[in-house]
Amino acid sequence: MIQRIQTIFLLIVGLAMLVFLFAPLWQKVDTNSGASYTLTAFYLETVTSPEEGVKNEFMPYVIPGILGLLSVCVAFISIGMYKKRMRQIMLSTLNSLLIGTALGLSAYWATQAEGDLLPGIQGAYNYGLFLPAIALVFNSLAVRFIRKDERLVRSMDRLR
């Protein structure tokens, strides 16, 4: 199980999406007023002034976090399905859909926040926004190598 390269790829997918859940995706800070906005996979954190404190807005920003959590679960379940390669391919394809949707929604809301919040100041896209793209690449590689194993097993069955 662990000696197969697709298992390593699926492990990287699971870990990248796990880090995505806790990493900041986008951030904008106004140095003059002290206001800052931080977008994560689960919420938009707003600090308008140090006296007012922190406000978290969960809806609709929680959706990429839920999709990321599902993606982590599917990746680790798929690792355990190493004897059922067709089911592993199906789960990995579902995982690609989950990761792609989480990436698309995160990028959309980060772009929307860039234009809406503190329009005169430039925000910064953080490393958390790029983790689903990395996970998507490794998930595609895992599917490729699972299919390669399946073709190899089928060709060996023909020889018997």
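Trainee: How far apart are N and O where the side chains of Arg85 and Glu150 meet in a salt bridge?

Mentor: This is a predicted model: local features need pLDDT of at least 70, side-chain atom pairs count only at pLDDT 80 or more, and totals for chains, interfaces and linings use all residues. Residues are numbered from 1 along each chain as its sequence is written, and side-chain values use heavy atoms, with hydrogens and water left out. A salt bridge puts a side-chain nitrogen of Lys or Arg within 4 Å of a carboxyl oxygen of Asp or Glu. For Arg85 and Glu150, N to O is 2.7 Å.

Trainee: How many residues apart are Arg85 and Glu150?

Mentor: Helices (H or I, at least four residues) and strands (E, at least two) are DSSP runs, numbered from the N terminus. Arg85 is in helix α3 and Glu150 in helix α4 (residues 131-159), so the pair links distant parts of the chain. Their separation is 65 residues.

Trainee: Is Arg154 buried, partly exposed or exposed?

Mentor: Buried means under 20% relative accessible area, exposed over 50%, partly exposed in between (1.4 Å probe, protein chains only). Arg85, at 18%, is buried, and so is Glu150, at 9%. Arg154 has 45%, so this residue is partly exposed.

Trainee: Which residues are linked in a network of salt bridges?

Mentor: Glu150 also forms a salt bridge with Arg154, the closest N and O atoms being 2.8 Å apart. These two are about one helical turn apart, because they lie four residues apart in helix α4. The network links Arg85, Glu150 and Arg154.

Trainee: Which residue meets Glu114 in a salt bridge?

Mentor: The search of the whole structure finds four salt bridges. In this one, N to O is 3.8 Å. Glu114 is buried at 16% relative accessibility. Its partner, buried at 0%, is Lys28.

Trainee: Are α1 and α2 roughly parallel or roughly antiparallel?

Mentor: Helix α1 (residues 5-22) and helix α2 (residues 62-80) pack with their axes 9 Å apart, at an angle of about 155°. Axes are lines fitted to C-alpha atoms over the stretch in contact, and angles run from 0 to 180 degrees between N-to-C directions. Under 35 degrees counts as roughly parallel, over 145 as roughly antiparallel, 65 to 115 as roughly perpendicular and the rest as oblique. So α1 and α2 are roughly antiparallel.
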